[in-house]
Amino acid sequence: MGEFTLLTTDACLFALLAVAIVYCLQARRHEHLRAPWREVWRRPVAVGASVVLGAFMLVAVADSIHFESRAGSGDGDVLSALDIALRPLRTGSETTYSAPLAAYAYSRESVVDESGKLTRIYPRLVHGGAHLADPGREHGADVARRAAAGAASGLLGGLALSTLCVLAVARRRNRAPVAAARLLLAGRAGFPWRSLLGVSTALLIVIGICAALAPHYHVFGTDKVGNDVLYQALKSVRTGILIGLLTTLISLPFALALGIAAGYFRGPIDDAVQYLYTTLSSIPGVLLIAAAALMLDVYMTRHAADFDMLAARADLRLLALCAILGITSWTSLCRLLRAEALKLREIEFVVAAQALGVRSTTILRRHLLPNVMHIVMITTVLDFSGLVLAEAALTYIDIGVDPSMDSWGNMINGARLELAREPAVWWSLAAAMSFMFALVLAANLFADAVRDAFDPRLRQFGADRDLPAATRES
Amino acid sequence: MSAYLLRRVLYALPILLGVNLITFLLFFVVNTPDDMARMQLGDRRVTQAAIEKWKVERGYDRPLFWHADAGGVARATDTLFFTSTLQLFSFDFGKSDGGRDIGTDLKQRMGPSLAIAVPVLMLQLVVALAWALLLAWLRGSRFDAWSAVICVAMMSISGLFYIIGGQYLIAKLWRLVPISGYDGGLAAVRFLALPVLVGVLISLGSNVRWYRTVFLEEMGREYVRMARAKGLSDARVMFAHVLRNALIPILTGVVVLLPSLFLGALITEAFFAIPGLGSYTIDAIQAQDFAIVRTMVFLGSLLYILGLLLTDLSYVIADPRVRLE
């Protein structure tokens, strides 16, 4: 392990985390900030989704703590905490494709056996199933045994967590543990414990199975150059989450400042801002992104000397992509904020502040800004899933993240032609798609709950007025 | 009405000018014509003379915004920005950096793009509206609940999955349609079936949910209760009242899709190797052909503005209370 380094995107992610923590501390102290969140946490679906999101977030943060590796260690130039934790996955590469959990290679190779005869056989893998003496006989049983052990440890972990929660509820409510457990199971403990514990246990079981199999097999197979697909998929989590979060973070200051100012001051400022966002939004987003990405490429080739480190180059490209996506997406938020500010400026407390001679900047900061934050919150969570999906599509047409960066888009892009092989190489695609699906599904479900809880228009009628029964359990 | 239209058209001019300025800044200021010439002509070994020749051929040798040596009005008009903008505004797209005539290319490639986009839009609208109406009518039922689950799941699946999965399952395993390609005339149907199906599926989930919300909002209104109280049948209430009144928000959502109708679903076209405008643009991006990308940006924003205008006009048809002043 070398010296700690901070890439630009790492710094952004940590800054974002810091903001989130400050917000949580604020929200704890102020009832009006707590109320909508309490509404969110009342929903089983939202709680379950946030467990999954939390797990993804954990991976992304672990992957953002970077160390510069020592020269000559044979690793890449920068390693993250996740790389170090997943060392067996990272270093245990094969020569080319291998199917998930396979012990033999994907394609035949010519091998000279002891008697000097040339035969074409499926050779054993270097790492996958290397511990087996006779894979033909032991393979299935070994995989099943390890998977079962992993699942059992995951289940055990889930049960331990459940016991802790039961004890905590029992203590807080002053009940016997058995009574508290019954309360939890019936879903009447005031918080959707069932969903929290159910999703956590399921997640722990999946992690347990992977953790038990990963040191000895390639759980999702290997790609063209023999790298472990599970490792790639995990590394891609950070890229997806960064694009989803940083884009909004970058566009937020513009949208907030311009939107509120336009709505509050009206007149020429309003005209100018409206002109700006109409112009920007009338350019087809993909084309603007493509044009900007093209320019970035040209710039980087011209200033190649400034980007000597591969990771720094990919990092800057990622940041630029976020910035470009932010520029194309801030207009819709700006429009919403302007409309809200137009409404707010006529409300009594703003009029009163004006009459008392409060300065405009103070009015904007103290009276308007806090009252539009719910729109910001809703837009941020709603946009997140779309941005994660957009990354994959943009990478496909070569205007997304750097090809050297681990991302689901790059995984799909590299693997999509391999379906035509016989037998089809499906595992890279399957891994990227299922990771992306899990993250986006969780984000969508969470966003729904946040929108319903924060949107005052919906709150008036009772937040779950038109929600189907399936999402309203308990 | 005509005064309104005139004002809208006049309002569109500065916006188009702004769009042009942005693309111009992106293409010519960040990246000088010399860099472009180098990129088009190949490597660094290219001579300065060849670069100058390339620039003169395309008129890129003029100054960007201000021609100090020229006299009078020519100071502002004999510049790269002025001429290239004027050309675009008069729909004279000129030649691509690769030397082909952009106008002819556009005409050729418009057909395939529309052949995908129009059926997708129509089918999408019909399927999503029918499903959403059914959900609004049967709200709170088990069908409604499961549809919500399916819709969220469909929204969470990457569009790439539909494309790749469709190609693998329908074209490769079942061999019902060709994997990719295009053909003129009636033979095109075989090539178009899969892209259209994928195009409908990609945004079905979010559309159904959005339409359902719109319908439910309308169904909570008093005129619906009144219509029921009068004893109208459910079908009549849903089609004649709810659907009709929900048209305004629905139209707003549909017209935004107009530029994509013209540009084609960029990614779908590229995956299915359909020679439409979408794949044209992607090819241009990958070949770094600035003239084509600039033209497409201009056309895309023109269509967007046209779409906004059409939205306003369609409001008048959908809702007699709306007057355009």
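## A turn to start with

Which residue takes a positive phi in the hairpin of β4(A) and β5(A)? That would be Gly116(A), with a phi near 85 degrees, in a hairpin that has five residues between the strands. Before going on, a word on the ground rules. This is a predicted model, where local features need pLDDT of at least 70 and side-chain atom pairs count only at pLDDT 80 or more, while totals for chains, interfaces and linings use all residues; side-chain values use heavy atoms, with hydrogens and water left out. Residues are numbered from 1 along each chain as its sequence is written, and chains are lettered from A and ligands numbered from 1 in the order in which they are written.

Strand β4 (residues 109-112) of chain A and strand β5 (residues 118-121) of chain A run antiparallel and are joined by four bridges. Strands here are DSSP runs (E, at least two residues), as are helices (H or I, at least four residues), and both are numbered from the N terminus. Two strands pair if DSSP finds at least two bridges between them. Ser110(A) stands opposite Arg120(A) in β5(A), and Val112(A) has Leu118(A) as its bridge partner.

## A three-stranded sheet in chain A

Chain A also has an open sheet of three strands, in the order β1-β2-β3, with antiparallel pairing. β1 (3-5) and β3 (78-80) of chain A are the edge strands, each pairing on one side only. From one strand to the next, the twist averages 45 degrees.

Look at how β1(A) meets strand β2 (residues 66-68) of chain A: they pair in the antiparallel sense over three bridges.

Now for some helix packing. Two packed helices are described by the angle between their axes and the distance between the axes. The axes are lines fitted to C-alpha atoms, for helices over the stretch in contact, and angles run from 0 to 180 degrees between N-to-C directions.

α9(A) and helix α10 (residues 267-282) of chain A pack at about 140 degrees, with their axes 7 Å apart. That makes α9(A) oblique to α10(A); angles under 35 degrees count as roughly parallel, over 145 as roughly antiparallel, 65 to 115 as roughly perpendicular and the rest as oblique. Their crossing is left-handed, a label used if the near helix is turned anticlockwise from the far one by less than a right angle (right-handed if clockwise). Leu258(A), Ala261(A), Ala262(A) and Phe265(A) of α9(A) make the contact with residues of α10(A) including Ile269(A), Asp270(A) and Val273(A). Contact means heavy atoms within 4.5 Å. Ala, Val, Leu, Ile, Met, Phe, Trp, Tyr, Cys and Pro count as nonpolar, Asp, Glu, Lys and Arg as charged, and the others, Gly among them, as polar.

## A covered helix: α15 of chain A

Helix α15 (residues 408-415) of chain A is mostly covered, with six of its eight residues buried. Buried means under 20% relative accessible area, exposed over 50%, and partly exposed in between (1.4 Å probe, protein chains only). Among the buried ones are Trp408(A), Gly409(A) and Asn410(A). The cover includes α9 (229-265), α14 (360-396) and α16 (427-454) of chain A, together with α8 (159-173) of chain B.

α15(A) and α16(A) pack at about 150 degrees with their axes 8 Å apart, and are therefore roughly antiparallel to each other. The crossing is left-handed. On the α15(A) side, Trp408(A), Met411(A), Ile412(A) and Ala415(A) make the contact, and the α16(A) side includes Leu429(A), Phe435(A) and Met436(A). This contact has 11 nonpolar residues, one polar and no charged.

## Over in chain B

Helix α15 (residues 277-286) of chain B and helix α16 (residues 290-318) of chain B have axes that come within 8 Å and cross at roughly 140 degrees. The two are therefore oblique to each other, and the crossing is left-handed.

Most residues other than glycine have a negative phi. Arg175(B), in the loop between α8 and α9 (188-202) of chain B, has a positive phi near 55 degrees, and it counts as exposed at 67% relative accessibility. Ala273(B) has a positive phi of about 50 degrees and lies in the loop between α14 (266-271) and α15 of chain B; at 42% relative accessibility, Ala273(B) counts as partly exposed.
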